[in-house]
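This report looks at aromatic rings, the charges over them, and the nonpolar cores. Please view the structure first.

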Amino acid sequence: MKNTIFWNSLKALLVLCFICNFMHTAIAQNYYPAVIGNEWVLDGTNNVRRITYSLEQPEGMADQNLILLKTETKNTNNDKIVDTDKYFLSVDEEALKLHKTELEFEIFNQETTVSANFPTPVSFFPIVLEQGDEWQIPSEITVNLLGTDITLESSSDFEVVDFEDVVTPSGTFRNCAKVKLTISIMSAFLDVDPTTSYQWLAPDIGPVKYEGSDGKIFEIISFKKFDKPVVMAKNRPVWQLPSLAFQVTGSRLGGILNAKILENVENYVSEGHNLGIASVTGDIVKPGDGTGFATNLEKKQDLWVAGKYENAPITGTVTLFAENNIDRTLVTITVTINVR
């Protein structure tokens, strides 16, 4: 007899979470543009859930060569985040590849995690999608349920079943790939029927519609897309900064003390076709809260660093990255921002 009570409690949070978010992760570069900064927001058509997908730079140094796809599901009635899931990806010439996952949500009022690691990255989606394409991904997932780790076997079966136009509140998207995903969960203590969901992906846009195995539908209401030109480098990026230690005087803006550290950062790195901040330490606030790059009149990037005024003088480090099609290189600078 099926363990109905346990499965009904776990199904919506475990399997559907796994299905929905794996589905949104697993799209080739042209149907799910894998550029940091891209963001998609999908609203439920007959429910109070909203899903936001964003591609970000991972915080951990060990993951700096990967792309983080973070998904947040929110209850729009109370603005509460229901779960936050993280997928660590890379892209090569053949496929979008998955390295590991970290899913977090609540069940029985307890924080629960689902994780899967792939020592050898799995080919999650081919770069080219054609009708009739099929592939399968077996995996072993670990569920931390009420403080106990449970191991489950999972099989993900993908099929491109159609290409069609999709009408959403954000407009009509032509020639969308309709991808069917069937998930099977195997366990010694659970007898679970396979579940099937569908995802529609617009070329050069990404996910525009999703239908879960429960029949709930989500449609795109907004998206941000960054185009990263394909520039072929001959060598790995090399940093040549004027110094690795900077002492500057900052300006106060409300409760923030900030200062411009470097002008025209591109001038200090060779063949660095994409620049960013890998991490910060000390009293320096995280990127987006006053620390980051700003485009100047020369259409180049200036580096600004900030901290809370009450902590002045601000001290810490900023690790910058420069990447191209060959490699990514890091450089760490020490920063002190004094008050005028």
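Tyrosine 198 is partly exposed in this predicted model, with a relative accessible area of 24%. Its value lies between the 20% under which a residue counts as buried and the 50% over which a residue counts as exposed. The charged end of lysine 178 sits over the ring of tyrosine 198, at 4.9 Å from the ring centre.

A search of the whole structure gives 3 aromatic pairs. One of them joins tyrosine 198 and tryptophan 200: the ring centres are 6.4 Å apart and the planes meet at 40°, so the pair is tilted. Tryptophan 200 is buried, with a relative accessible area of 4%.

Tyrosine 210 and phenylalanine 218 also form a tilted pair, with ring centres 6.4 Å apart and planes at 40°. Tyrosine 210 is buried, at 1% relative accessible area, and phenylalanine 218 is buried as well, at 8%.

| Charged residue | Ring | Distance from ring centre |
|---|---|---|
| Lysine 178 | Tyrosine 198 | 4.9 Å |
| Arginine 328 | Phenylalanine 321 | 3.8 Å |

In soluble globular proteins, nonpolar side chains tend to be buried together. The largest nonpolar core here has 45 residues, and Trp40, Phe158 and Val208 touch the most other members. Strand 9 (residues 171-187) supplies the largest share of this core, 7 residues. Another core, of 23 residues, lies apart from it; among its members are Phe246, Leu257, Leu275 and Ile284.

Definitions and conventions: Residues numbered from 1 in each chain as written. Predicted model: local features only at pLDDT ≥ 70, side-chain atom pairs only at ≥ 80, totals over all residues. Heavy atoms only, no water. Phe/Tyr/Trp six-rings, centres within 6.5 Å; stacked < 30°, edge-to-face > 60°. Buried < 20%, exposed > 50% of the residue type's maximum accessible area, 1.4 Å probe, protein only. Lys NZ or Arg CZ within 6 Å of the ring centre and 35° of its normal. Core = buried A, V, L, I, M, F, W, Y, C linked by side-chain atoms within 4.5 Å. Helix = DSSP H or I, 4+ residues; strand = E, 2+ residues; numbered from the N terminus.
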